[in-house]
Amino acid sequence: MKIETLPEEFIKARPIIDTIEAAGYAAYYVGGSVRDTLLGLPIHDVDIATSAYPEEVKALFKRTVDTGIEHGTVMILDHGTGYETTTFRTESGYQDYRRPDSVKFVRSLKEDLNRRDFTINALALKTDGTIIDYFDGLTDLAEHRIKAVGDPEKRFNEDALRMMRAVRFASQLNFEIDPETIEGIKHHGPLLTKIAVERIHVEFVKMLLGQWPSKGLDVFMATGLYQYCPDFKAYQEQLNHLRDQLKRGLSNETAVWTLLASVFDLSWKQVNQLLKDWKSANQLIEDVQVATQAVSAISNHSVDDWLLYQTGSELLTIANEVAQQLDVFAYETPDLLNRYQVLQIHSKKELAVSGQDLMSAGIKPGPQLGQALSFLERQVVENHLNNQTQELLSAAIKFLNEKA
Ligand SMILES: Nc1ccn([C@@H]2O[C@H](COP(=O)(O)OP(=O)(O)OP(=O)(O)O)[C@@H](O)[C@H]2O)c(=O)n1
């Protein structure tokens with residue numbers, strides 16, 4: 001089979017392959033970009049596989065980075081883009097079930113494709129558009145099937161994360177998993193406990209971001225894989241609920257964690273702990289906490305102006321998306337956003353008085369000043385005061401007098 005018109009990303013990377021071939025080695029596009037091109041999907045990274053050994057690759061290019069040289073990977077930098085170029089290899093002795101203890105560089109493309117996870121990921125593409133397909137990956141692509149290359153038991157024994165990859169591809173592509181591959185997952189589920197949780201979660205998030213999340217969740221639950229993910233095993237009922245409930249994939253990572261925090265009914269402390277364990281960025285943790293609170297308010301029909309203000313338009317949109325997915329009562333997003341938009345202010349900076357103004361009016365610097373500003377902020381958001389300088393100054397003085 002031949003692809004007539006290659007996507008731009010491959011054409012841009014062509015000089016790399018041409019240079020390697022001119023030196024007498026073989027080189028091909030491989031991996032997800034080939035699969036996604038055949039499916040008509042946009043491609044992310046162009047990966048190259050070559051018969052040249054890493055030192056031979058490095059000798060051919062001016063700018064390279066040793067991103068994983070012990071496993072044969074060298075990144076070639078070309079006009080601002082990095083291309084991961086990996087020597088054909090076989091892998092043996094996966095003692096820890098996730099990284100090969102020793103790789104053996106080989107000169108044969110077939111041997112290299114033979115060590116890959118699924119047939120749809122074991123295709124190679126030549127620069128003239130020809131597809132090389134030793135393991136019937138094209139048939140499996142056409143028949144929407146995720147099937148291990150060769151013996152599934154061996155594939156999952158080599159790398160237990162592949163079981164999570166199967167589940168996430170099912171969700172991203174709406175493919176069925178081949179029955180023998182499913183059996184392999186059932187047998188090897190316990191090996192998942194050897195994998196770092198954050199790597200499992202990367203796949204889990206990708207699954208919920210996929211367009212058909214229920215499809216992936218169905219396998220995740222039916223094969224019992226969830227039992228071997230420490231953070232998910234206590235939530236069988238909730239995960240089954242999600243499987244039945246989710247209509248489409250979530251739109252971003254914040255939405256995914258907000259959904260999980262809501263469905264698992266986690267406290268703020270638990271969300272914080274969980275996301276920290278998963279080495280998430282602080283901004284994500286904060287956003288999930290705020291959005292989760294908004295989901296809970298939406299489901300209790302108690303969204304007030306202060307909550308709208310604190311949540312902000314971006315997280316309101318996410319909270320609304322999660323609430324709709326869970327079928328709890330949700331306003332249409334425009335309704336929540338309209339209500340947010342007509343608030344008098346959207347941040348403290350928009351208050352018609354500043355700390356400086358309050359000091360000019362005779363209020364002494366110190367905690368009182370901060371209290372007065374917070375009081376004004378809330379009063380204006382809740383529409384008890386107009387956002388006008390004179391009105392706010394008088395209200396601040398009255399507030400502090402009453403407190404004294
Ligand atoms: N555990 C793994 C991970 C990757 N691969 C192989 O390495 C390729 C590239 O892996 P990666 O970039 O992680 O995933 P993609 O398949 O490219 O998918 P995506 O980019 O959507 O994550 C895969 O296609 C597959 O051939 C594998 O055999 N086993």
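View 1. Domain 1 (1–143) and domain 2 (147–249) each give at least three residues to the shell around the ligand. The domain bounds come from an automatic or database domain assignment. This is a predicted model: local features need pLDDT of at least 70, side-chain atom pairs count only at pLDDT 80 or more, and totals for chains, interfaces and linings use all residues. Residues are numbered from 1 along each chain as its sequence is written, and side-chain values use heavy atoms, with hydrogens and water left out.

**View 2. The residues around the ligand.** Among them are Gly31, Arg35, Arg116, Asp117, Phe169 and Lys206. By class, the shell has 8 charged, 3 polar and 1 nonpolar residues. Asp, Glu, Lys and Arg count as charged; Ala, Val, Leu, Ile, Met, Phe, Trp, Tyr, Cys and Pro as nonpolar; the others, Gly among them, as polar.

View 3. Asp159 places a side-chain N or O atom 2.7 Å from a ligand nitrogen. At Asn121, a polar backbone atom is 3.0 Å from a ligand oxygen. Arg165 has a polar side-chain atom 3.2 Å from an oxygen atom of the ligand. The ligand alone exposes 560 Å², and the protein buries 75% of that (Shrake-Rupley method, 1.4 Å probe).

**View 4. Helices at the ligand.** Helix 2 (32–38) and helix 7 (161–173) are the elements giving two or more residues to the shell. Helix 7 supplies the largest share, 4 residues. Helices are DSSP runs (H or I, at least four residues), numbered from the N terminus.

Terms used:
A residue is near a molecule or strand if one of its heavy atoms lies within 4 Å of it. A polar contact is a pair of N or O atoms within 3.5 Å; within protein, one must be able to donate a hydrogen and the other to accept it, and residues adjacent in sequence count only if both atoms are side-chain atoms.
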